[in-house]
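Student: Can we go through this structure together? I'd like to start with the strands.
Tutor: Fine, here it is.

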Amino acid sequence: MSGSESHHPSSSNPLFPRDAAALGRLERGELHDPHSVLGAHPAPGGGVVVRAYHPDARAAHCLRSGGERVAMQPLGGGVFAVHFGAASLPLRYRLLFEFPDGASHERDDPYRFSPTVGDTDLYLFNEGTHRRLWQVFGARPCNVDSVDGTAFAVWAPNAQRVSLVGDFNRWDGRAFPMRALGNSGVFELFVPELGDGAVYKYEIKTASGALRLKTDPLALRMELPPKTASVVTTSSYEWGDGEWMRARSERDPRRSPMSIYEVHLGSWKRVPAANNRWLTYREAAVELVEYVKRLGFTHIELMPLAEHAFYPSWGYQVTGYYAPTARYGTPDDFRFFVDQCHRNGIGVIMDWVPAHFPRDDFALRRFDGSALYEHDDPRRGEHPDWGTLIFNYGRAEVRSFLIANAIYWLNEFHVDALRVDAVASMLYLDYSREEGQWVPNEYGGRENIGAIELLRAVSRAVRDEAPGAFTVAEESTAWGGVTNPPEL
């Protein structure tokens with residue numbers, strides 16, 4: 001049955017959704033809420049109708065508990081359906097797809113599960129006050145309805161459609177379309193049986209119909225550059241720095257002496273016997289820590305370790321804000337490094353880069369086809385010196401992204417402080433710009449009010465969420481009160 005034949009159902013046929021035109025939108029990749037069509041739904045007149053989708057399947061079967069296998073009727077466009085007259089919701093089942101080449105594939109149905117992101121989290125995110133966004137967005141291995149899998153969530157408010165793609169579905173954007181959660185701009189999907197190590201991206205269909213392939217802005221792990229995909233990851237690390245963390249929560253950093261050793265991890269030392277490669281996080285945990293301890297330093301300041309595609313940037317052009325760079329190991333390897341620092345009485349400061357991000361098209365730039373994380377106006381959205389893009393600090397969701405990112409490094413990796421890079425470029429709208437090349441704020445001044453509010457919010461969040469941790473401003477103009485408490 002062809003797609004064109006399938007979209008004119010009989011009004012008495014319970015297999016078709018009430019909005020039969022939704023099947024055509026699904027086939028064209030324009031359906032915001034595939035769960036409204038797919039999965040298990042109450043059938044008109046009673047029972048349950050199950051609809052399944054695979055664009056390349058020639059047949060599909062619904063597998064019920066007890067071994068019952070029921071053939072599903074093709075509705076066209078890769079959609080199959082079956083009606084269980086005596087069934088009720090919730091309904092547990094699996095799907096079996098058969099393909100023209102004789103192959104078959106059995107799986108649980110991603111479209112039978114409820115949303116994994118709650119209304120409160122969406123509200124806080126849209127309000128700009130969500131401090132633990134990594135626990136809600138990105139890729140989160142979890143158990144839903146007694147089924148192990150991974151929950152995915154991403155912000156793309158101007159997309160026609162967002163799909164999850166990866167090795168698990170041959171990078172086919174038709175296979176796993178995600179659902180839009182109301183007017184939040186967030187798309188979500190729980191994929192059963194997908195877990196640690198899965199490589200993925202998001203395929204985004206923009207308002208103009210163009211397709212964009214993007215890494216996850218909240219990916220907790222990424223592939224080793226030059227590869228750019230996100231990787232599902234879980235941590236099994238057991239910390240041993242409890243004594244340090246307890247003392248940190250009571251320490252006043254303004255009254256504690258510091259001697260800081262600044263280092264770019266990849267340049268500090270190489271291994272000649274291994275093709276002159278850089279040290280891993282675990283190797284540095286031995287050699288760098290011993291060196292710094294012997295010289296009497298109290299802290300190591302690491303140049304940015306968030307993932308970055310352009311290595312000569314020394315990490316200052318971030319493409320994965322939540323992912324420790326894979327060049328030196330896994331996220332748990334980095335946890336080991338910080339843990340060893342603390343066990344040896346050494347604090348860890350990491351450079352943090354909320355001032356700008358690069359134009360790499362696989363990352364944040366025009367994420368959903370629009371200027372989402374950056375300003376659309378180049379007078380506010382582009383750095384003339386560095387050729388990079390500037391965050392739209394006045395946008396609530398961008399504030400949530402950055403505030404949560406600061407807390408993420410301090411809490412998930414036990415980093416003791418963030419040295420905020422290029423603060424001057426954030427504070428001044430006319431930074432490195434001539435007259436006529438910048439837009440004044442609403443009061444006619446040159447201060448970037450959105451950036452000021454972001455820095456205040458970060459300071460409050462650090463104080464509340466990571467007691468004893470602190471922030472450092474790299475600020476070259478002696479802006480008054482830049483290191484004062486946010487109330488001042």
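Tutor: A term to begin with: two strands pair if DSSP finds at least two bridges between them. Helices (H or I, at least four residues) and strands (E, at least two) are DSSP runs, numbered from the N terminus. The model is predicted, so local features need pLDDT of at least 70 and side-chain atom pairs count only at pLDDT 80 or more, while totals for chains, interfaces and linings use all residues. Residues are numbered from 1 along each chain as its sequence is written, and side-chain values use heavy atoms, with hydrogens and water left out.

Student: How many bridges pair S5 and strand S6?
Tutor: Three, in the antiparallel sense, with S6 covering residues 79-84. Gln-73 stands opposite Ala-81 in S6.

Student: What is the strand order in the open sheet of four strands?
Tutor: S1-S2-S6-S5, with antiparallel pairing. Strand S1 (39-42) and strand S5 (73-76) each have a single partner strand, so one side of each has no neighbour in the sheet. From one strand to the next, the twist averages 30°.

Student: And which residue takes a positive phi in the hairpin of S7 and S8?
Tutor: Gly-102, near 95°; the hairpin has five residues between the strands. Strand S7 (residues 93-98) and strand S8 (residues 104-108) run antiparallel and are joined by five bridges. Leu-95 stands opposite Arg-107 in S8.

Student: Switching to helices. At what angle do the axes of H6 and H7 cross?
Tutor: Roughly 15°, and the axes of helix H6 (residues 281-295) and helix H7 (residues 331-343) come within 8 Å. Axes here are lines fitted to C-alpha atoms, for helices over the stretch in contact, and angles run from 0 to 180 degrees between N-to-C directions. H6 and H7 are therefore roughly parallel to each other (under 35 degrees; over 145 is roughly antiparallel, 65 to 115 roughly perpendicular, the rest oblique).

Student: Now rings. How many aromatic pairs does the structure hold?
Tutor: 33. Rings of Phe, Tyr and Trp (its six-membered ring) pair if their centres lie within 6.5 Å; planes under 30 degrees apart are stacked, over 60 edge-to-face, the rest tilted. Phe-391 and Phe-401 form a tilted pair, 6.4 Å centre to centre with 40° between the planes.

Student: Are those two buried or exposed?
Tutor: Phe-391 and Phe-401 are both buried (under 20% relative accessible area; exposed is over 50%, partly exposed in between, with a 1.4 Å probe and protein chains only).
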